[in-house]
Amino acid sequence: MLLAFIPLRTILLTIASRGKPVLEVIAALLIGLLLGAALMAGWGYDPWKAYLALLEGSFGNLYSLASTLSKATPLILTGLTFAIGLRAGLFNIGAQGQMVLGALVAVAASTLRLPTGLHLVVALALAMFAGAAWSLPASWLKGRRGISEVISTIMLNSIAVWLARYLLLHFLNDPQRGGWISIMAGPSARFPTLVPGSELTYSIFASLAFALAAYWLLWHMVPGFELRCSGLNAAAARYAGIEPQRSINLAFILGGLAAGLTGATQVLGRFPYSLDNGLTILGTLGFDGIAVALVGRNHPLGIIVAAVFFGALSAGGGLMGFRARVPLDVTYIVQGVIILAVAAPEIWRILRGLFPTLGCLRRGRERWNY
Amino acid sequence: MELLAALLTLAFQAMVPITLAAIGEIFSERAGVVNIGLEGLMVISAFFAVVGAKGTGDPWIGLVCGLGAGVVVGLIHGLISVYLRGDQVISGVGINLLGLGLVGSGMVALWGGPLQLPAALQVPSLPAPWGRVSPIFIVMLLLAAFTWWLLFRTALGLRVRAVGENPAPADVAGIRVERLRFGAVIYGAFLGGLAGAFFSLDWTHTITKTLPAERGFIALANVVFSKLNPLLALLGGFIFGFFDALSFWVSNVPGINRFVPWQFVRMIPYVATLLVLMGAIGRARFPQALGRPYWRE
């Protein structure tokens, strides 16, 4: 009965008229999940069972919902790193290395003796600073030497990993825990837990605040406007008096701040509150941000939604692996296919040609865009 | 002396994937299509080369499987970037992630984890003045010369470069822009596939999901260093391969750990890549239409 009051037709028409990008992204997500299922079947797993477990593990109850949100927390930030770069016309894939250094510095800062609250703030600030500092060589190489940031950020990622392993082993190592993991951050430097018994902490608010600040800076302030201008048309921006190197620097620094904060959220907001020498605690969060940014259409608000989707994929992955014995790496396949589908928007025009019923989407748009 | 010979042998091995992938990428970029998915391309080929070799018990059939996998990845990238006029760089990132997932889950599904190849499934090496050399090394030399000849001494090469510089006049002159670009991407992926198969069957004799360890990106650095010239890519490949080998070699020098921590030794290839790029004389001039899909007006 209640369904009758939901203006379904209006909602559908609105999506059809204003939301073509949204529809494209949703279709890309579906393609990713479908091909992921096909591949699981190919490797001999049961995709239906796997996806049911995935859904239950990500939205099934309060605990899994909290788990999804906690997985989304870092993805919002690394998604922003990539998105801000892309808005400035840069392909910044250095979030991984900047995050590693952020996490390292956060662990180091946790040894300071400061009161609760202030300690966390100082640790976060230092971690963000470290992330930004690690992005500067790429910015300099790009602006002064014309070296593509694709190459330089990847090299800096690898260098960061080995640097972090060295420093962890020699300066932050905890011999009482077998030597494979760093010292544990003290309670005064940790994020307080939001949902008891889960990994969701107040770090999600740090993430959201950063996303909103990035939105404000990019769309409501002059430096952000200049940054986006450089990204849209570098030559025109330079002609209008916008210094290109300044926009490049700003994009790299903002991205580095976000990535550094990501590292801090992982070591100060989750058990075991430390960083292992293999850096497995950080996983590939830096690279996962690329898919998040692309699905979120490089907009801070879109990224928050996209991060929840990928966070669910990651949170439910555990139960999926347990119930259907699917290796966790399957989620990379889903991510990869989604990115490939997002890369080619033309595919939708061809699909509309094949299935004329979908043509209403475009007609709707034309009617509503007067 | 013996240590130096070992270093040289290692360098000649390490340069093969970096050079092969770079030569393929040069051809593809000359036609106007960039592929930053070399890393994923190589790991997928390396994986299917092992699948083929293990399935048939013959490393040469494995090699062919690896090449086939490379071509399939090239088909995907070519379809997206040429016919669907998608974003080439984003497609490349997708391929990298696909490689990580495909190989990571495939390994577990087929063998329960990473694998060590028995000697019977390895590509046999040939004797050389400094030790042993891989047959793929010689193929690499031939392919570099062949690709250079193709690009700069044939009508086809002229067309490929025309399509990369400015596709519209080429189209007017009757050149099939899409077909040529698609072909160039496939050729590049074929060479990348060979590089990947070399990784697993010939060099490391193992398969993991991070087998190339950023060498796909070092190959991209080599493309820049060589200024899109296949013959210079041999020199660039040797330089990058040398530092790669140096990092293995240094870690085997007795007592080295007292002077330099091994973590810093492992950084050598990546730091060297940045330094070599910084020190490279002059900037590479990329084709005008690189990365831009072609729309007929």
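Is B:Leu102 buried or exposed, going by its C-beta neighbours inside 10 Å? Figure 1 has the answer, after two notes on the model.

This is a predicted model, where local features need pLDDT of at least 70, side-chain atom pairs count only at pLDDT 80 or more, and totals for chains, interfaces and linings use all residues. Residues are numbered from 1 along each chain as its sequence is written, while chains are lettered from A and ligands numbered from 1 in the order in which they are written.

**Figure 1. A look around B:Leu102, in helix α4 (residues 88–111) of chain B.** B:Leu102 counts as buried because it has 26 C-beta neighbours inside 10 Å. (Buried means 20 or more other C-beta atoms within 10 Å of a residue's own, exposed means 12 or fewer, and partly exposed is in between; C-beta atoms are placed from the backbone.) Helices here are DSSP runs of H or I with at least four residues, strands are runs of E with at least two, and both are numbered from the N terminus. Skipping neighbours within four places in sequence, B:Leu102 is in contact with A:Ile333, B:Ile44 and B:Phe47. Contact means that the C-beta atoms of two residues, placed from the backbone, lie within 7 Å. B:Gly40 sits 62 residues away along the chain, yet its C-alpha atom is 9.4 Å from that of B:Leu102.

**Figure 2. Helices α2 (residues 38–56) and α3 (residues 59–83) of chain B, packed together.** Ala, Val, Leu, Ile, Met, Phe, Trp, Tyr, Cys and Pro count as nonpolar, Asp, Glu, Lys and Arg as charged, and the others, Gly among them, as polar.

**Figure 3. Where chain A touches chain B.** Chain A brings 36 residues to the contact and chain B brings 41. On the chain A side, α14(A) gives the most, with eleven residues. That side of chain A divides into 24 nonpolar, eight polar and four charged residues.

**Figure 4. Helix α3 (residues 47–59) of chain A, with its buried residues.** They are A:Pro47, A:Ala50, A:Ala53, A:Leu54, A:Gly57 and A:Ser58. These residues lie on the same side of α3(A) because they cover an arc of only 125 degrees around the axis, the arc being that of the directions from the helix axis to the C-beta atoms.

Conventions
Axes fitted to C-alpha atoms, helices over the stretch in contact; angles between N-to-C directions.
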